[in-house]
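Welcome! Take a moment to turn the model around on your screen, and then we will walk through it together.

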Amino acid sequence: MPVPSFQDFLNYLQHEKKFSKHTILSYTNDLNQFQAYLSKEVSGISLLEVNYLQVRSWVAQLMDTGIAARSVNRKLSSLKSYYKYLLKNKHISINPLQKIQGPKTPKRLPVFIDESQMDTLFDEIEFEAGFTGIRDRLMLDMFYQTGIRRAELIGLKEQD
């Protein structure tokens with residue numbers, strides 16, 4: 001049985017999974033990069049013959065070249081999706097990424113704005129007169145006072 005092309009997989013992502021063009025472009029780049037690595041480092045191996053050691057070696061190479069852990073995890077996610085697709089369509093019987101864990105990503109701490117900075121902001125900004133100005137000031141005040149997220153603020157209803 002021939003190996004489905006990357007294009008078959010990308011068509012699946014676009015038409016069945018409804019992924020965005022940007023996501024599909026990222027997947028394309030990630031899969032091509034993995035295939036280039038295989039061609040260079042392990043010549044003569046099919047994508048169906050890849051094992052977890054080769055994937056780990058690729059991850060190690062990415063980390064050695066200074067690629068951020070978050071980017072490496074995204075590349076792994078692309079590869080995992082591709083191999084799940086191959087497994088689902090019975091092109092492989094074992095997923096070589098089953099044992100692979102991505103590198104840990106550092107947790108980012110939230111950045112807080114000092115109360116005096118907020119006072120300065122409200123003193124220096126001139127809000128429009130009328131509804132628009134009152135709304136804009138209220139939105140900034142809600143963000144600061146409650147810590148509400150943008151999506152939560154947008155989703156607020158009058159009864160809330």
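In which helix is Leu76 found? Leu76 sits in helix 4. Before we go on, keep in mind that this is a predicted model, in which local features need pLDDT of at least 70 and side-chain atom pairs count only at pLDDT 80 or more, while totals for chains, interfaces and linings use all residues. Residues are numbered from 1 along each chain as its sequence is written, and side-chain values use heavy atoms, with hydrogens and water left out.

Let us begin with helix 4 itself. Helices here are DSSP runs (H or I, at least four residues), numbered from the N terminus. Helix 4 covers residues 69–88, which makes 20 residues. From its first C-alpha to its last it reaches 28 Å, close to the 28 Å expected at 1.5 Å a residue. That expected span is 1.5 Å times one less than the number of residues.

Now look at which side chains of helix 4 are hidden. A residue is called buried under 20% relative accessible area, exposed over 50%, and partly exposed in between, using a 1.4 Å probe and protein chains only. The buried residues of helix 4 include Val72, Lys75, Leu76, Leu79, Tyr82, Tyr83 and Leu86. An α-helix has 3.6 residues a turn, so residues three or four places apart point the same way. The buried residues of helix 4 pack against helix 1 (6–15), helix 2 (21–41) and helix 3 (52–64).

Is Leu76 buried or exposed? Leu76 counts as buried because its relative accessibility is 2%. Contact means heavy atoms within 4.5 Å. Not counting residues up to four places away in sequence, Leu76 touches Val55, Val59, Leu97, Ile100, Gln101, Gly102 and Pro103.

Lys75 is also found in helix 4. Lys75 is buried because its relative accessible area is 10%. Leaving out residues up to four places away in sequence, Lys75 touches Asp30, Gln33, Trp58, Leu62 and Ile67.

Tyr83 is another buried residue of helix 4. Apart from neighbours within four places in sequence, Tyr83 is in contact with Phe34, Leu47, Val50, Ile92, Asn95, Pro96 and Leu97.

These contacts lead us to the core. A nonpolar core is a set of buried Ala, Val, Leu, Ile, Met, Phe, Trp, Tyr and Cys residues joined through side-chain atoms within 4.5 Å. The largest one has 27 residues, and those with the most contacts inside it are Phe9, Phe34, Val55, Leu79, Tyr82 and Tyr83. Helix 1, helix 2, helix 3 and helix 4 each supply at least two residues of this core. Its largest share, seven residues, comes from helix 4.

What comes after helix 4? Helix 4 is followed by Lys90, which lies in the loop between helix 4 and helix 5. Lys90 has a positive phi of about 60° although it is not a glycine. Lys90 counts as exposed because its relative accessibility is 67%. Lys18 counts as exposed, at 64% relative accessibility.

The loop between helix 4 and helix 5 (115–124) also holds Gln101. Gln101 counts as exposed because its relative accessibility is 73%. Gln101 and Asp136 are 35 residues apart in sequence and 44 Å apart in space, C-alpha to C-alpha.

The largest pocket has a volume of about 290 Å³. On a 1 Å grid over the protein atoms alone, a pocket is an open set of points where a 1.4 Å probe fits, with protein on both sides within 12 Å along at least five of seven lines; lining residues have an atom within 4 Å of a point. Grid points are joined across faces, edges and corners, and a volume is the space filled by probe spheres set on the points. Among the residues lining the largest pocket are Pro110, Val111, Phe112, Tyr144 and Arg149.

The second largest pocket holds about 160 Å³. Arg135, Leu138, Met139, Met142, Leu153 and Leu156 line it. Helix 6 (residues 131–146) gives the most to this lining, with four residues. Just after helix 6, Gly147 takes a positive phi of about 75°.
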